[in-house]
Amino acid sequence: MNKIINGSIESLDQMIDFITGLSDETYMMAPKPLFNSSIGQHLRHILDVYMALMSSDNLEKINYDIRRRGLALETVRSEGLIELNVIHQWLMTFDADLLTLPTTVQSEVSVCSEQSAQMASSMGRELCFASSHLTHHLALMAAIAKFLGHDVNNEFGVAPTTATFLRSQQQKSDTCAP
């Protein structure tokens, strides 16, 4: 399997494990004032990015401006897991030859007014972005879960380069141990 697709599946598997291990109450709680969004709202945002990839017009254009706020999956954990598994299945059957095809990305670029920009990219680049975006939000979601008293795997929300660094540090520690 292609390493971009495989890495994306690894990240998605971490998210599925994380969401599966939560209680329904933790999933839908936004512990303000420290956090403004619930884990379910973070998940909806992550899924919107993957849905933009999945629904792109023959990979010609990926529109990240389409958001689906207020869905049941923001408050119902089982709904979030269903959509995660749909994306997992999509990745398992994704044609690696499509990764190099050029595409156009549309995304809002201003927080002061509605302004979207379009730029050239590739499906492989955008799949890497979606996976990195997932990892970033998983780190935030793990912080929310820890704040609410859940045990969370310390590997959740760690970027691939950080994981590589941590493994190298562990190997050094293992070789130096008496």
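Is Arg-68 buried, partly exposed or exposed, and what is its relative accessible area? I looked this up first. Arg-68 is partly exposed, at a relative accessible area of 23%. I note that I am working from a predicted model.

**Entry: Arg-68 and its partner**

I followed the side chain of Arg-68 to Asp-48. The two form a salt bridge, 2.6 Å from N to O. The pair links distant parts of the chain, 20 residues apart. Arg-68 sits in the loop between S1 and H4, and Asp-48 sits in helix H3. I checked Asp-48 for burial as well. Its relative accessibility is 3%, so Asp-48 counts as buried.

**Entry: Glu-74 and Arg-44**

I turned to a second pair. Glu-74 and Arg-44 join through their side chains in a salt bridge, with 2.7 Å from N to O. Glu-74 lies in the loop between strand S1 (61-63) and H4, while Arg-44 lies in helix H3, so this pair ties together parts that are 30 residues apart in sequence. I found both Glu-74 and Arg-44 buried.

**Entry: the network**

I asked which residues are linked in a network of salt bridges. They are Arg-44, Asp-48, Arg-68, Glu-74 and Glu-83. I recorded five salt bridges for the structure.

**Entry: Arg-77 and Asp-24**

I looked at one more of the salt bridges. Arg-77 pairs with Asp-24, and their closest N and O atoms are 2.8 Å apart. Arg-77 belongs to helix H4 and Asp-24 to helix H2 (residues 24-28), so the bridge ties together parts 53 residues apart in sequence. Burial came next. Arg-77 has a relative accessible area of 18% and is buried. The cut-off for buried is under 20%. Asp-24 is partly exposed, at 45% relative accessibility.

**Entry: Ser-38**

I placed Ser-38 in the loop between H2 and H3. With 2% relative accessibility, Ser-38 counts as buried. What does Ser-38 contact, leaving aside its neighbours within four places in sequence? I listed Tyr-27, Met-28, Met-29, Ala-30, Glu-74 and Ile-144. Glu-74 is also in the salt-bridge network.

**Entry: H3 against H4**

I moved on to helix packing. Two packed helices are described by the angle between their axes and the distance between the axes. Helix H3 (residues 39-54) packs on helix H4 (residues 77-92) at an angle of about 30°, and the axes are 11 Å apart. That angle makes H3 roughly parallel to H4. The crossing of H3 past H4 is left-handed.

I then listed the residues that meet. H3 brings Leu-43, Leu-47, Tyr-50, Met-51, Leu-53 and Met-54. H4 brings Gly-80, Glu-83, Leu-84, Val-86, Ile-87 and Trp-90. By class, I have ten nonpolar residues, one polar and one charged in the contact of H3 with H4. Glu-83 is also in the salt-bridge network.

**Entry: H1 against H5**

What is the packing angle of H1 and H5, and how far apart are their axes? For helix H1 (residues 3-20) and helix H5 (residues 123-147) I have an angle of about 20° and axes 10 Å apart. H1 and H5 are therefore roughly parallel to each other. Their crossing is left-handed.

I noted part of the contact list. From H1, it includes Ile-4, Ile-5, Leu-12, Met-15 and Phe-18. From H5, it includes Leu-127, Cys-128, Leu-134, Leu-138 and Met-141. I sorted the residues of the contact of H1 with H5 by class. There are 13 nonpolar, seven polar and no charged residues.

Note on methods: Residues numbered from 1 in each chain as written. Predicted model: local features only at pLDDT ≥ 70, side-chain atom pairs only at ≥ 80, totals over all residues. Heavy atoms only, no water. Axes fitted to C-alpha atoms, helices over the stretch in contact; angles between N-to-C directions. Helix = DSSP H or I, 4+ residues; strand = E, 2+ residues; numbered from the N terminus. Parallel < 35°, antiparallel > 145°, perpendicular 65-115°, else oblique. Left-handed = near helix turned anticlockwise from the far one by under 90°. Contact = heavy atoms within 4.5 Å. Nonpolar A, V, L, I, M, F, W, Y, C, P; charged D, E, K, R; others polar. Salt bridge = Lys/Arg side-chain N within 4 Å of Asp/Glu carboxyl O. Buried < 20%, exposed > 50% of the residue type's maximum accessible area, 1.4 Å probe, protein only.
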